[in-house]
Amino acid sequence: MMNKVIILNGPNLNLLGEREKNQYGSVTLGEIEKKCKEYGEKNNLSVSFYQSNIEGDLVEKIQSSRNECKGIIINAGGYTHTSVAIHDALKIVKIPIIELHISNIYNREEFRHKSLISRVAKGVICGFGAEGYVMAINAMKQFLK
Ligand code: CA2
């Protein structure tokens, strides 16, 4: 049986490829999802993908992934810097968590320098554009060995 990994995406990431291309590139979230699923299959991982603009939906998804998945990759978008609720939900799960960002949050505005997710993540990938998603799957593969 293939190990299941879920990739969670937070607010506004559904707009990728449409606006702010300088910051986030021109690839759409749908294209990233396709690439991640294909890459997962080649690497013996079953990758599922989820995006929501709603904090509570992300919390629900984290809770339901707890028993279904072997790992969580999360780009919590703006909630990265603010959400105690997402932090708390991730803290409860016992599977490895990788925090992911398309942009380098440390060379941007000061309010992005603080992440509430980092405290509960095994590792953080940021600043490598959409390629970071594939890098995160690779890192998860290593964690699950
Ligand atoms: O770099 C990342 O992946 C971020 O998580 C993206 C978030 C931002 O709040 C984080 O600080 C860093 C924002 C995602 C917004 O995505 C957009 C995409 C296209 C157009 C507008 C926003």
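Student: In what order do the elements of the protein chain run from the N terminus on?

Tutor: In this predicted model, local features need pLDDT of at least 70, side-chain atom pairs count only at pLDDT 80 or more, and totals for chains, interfaces and linings use all residues. Residues are numbered from 1 along each chain as its sequence is written, and side-chain values use heavy atoms, with hydrogens and water left out. Helices (H or I, at least four residues) and strands (E, at least two) are DSSP runs numbered from the N terminus, and the chain has five helices and five strands. Their order is β-α-α-β-α-β-α-β-β-α.

Student: At what angle do helix α3 and helix α4 pack?

Tutor: Axes are lines fitted to C-alpha atoms, for helices over the stretch in contact, and angles run from 0 to 180 degrees between N-to-C directions. The axes of α3 (residues 55–68) and α4 (residues 84–92) lie 9 Å apart. The angle between these helices is about 0 degrees.

Student: Which residues of α5 are buried?

Tutor: Buried means under 20% relative accessible area, exposed over 50%, and partly exposed in between (1.4 Å probe, protein chains only). The buried residues of α5 pack against elements including β1 (3–9) and α2 (29–42). They are Gly132, Tyr133, Val134, Ala136, Ile137 and Met140.

Student: What percentage of the 145 residues in the protein chain do buried residues make up?

Tutor: The C-alpha atoms fill a box of roughly 40 × 30 × 25 Å, taken along the principal axes. Of the 145 residues in this chain, the buried share is 45%.

Notes. Contact means heavy atoms within 4.5 Å.
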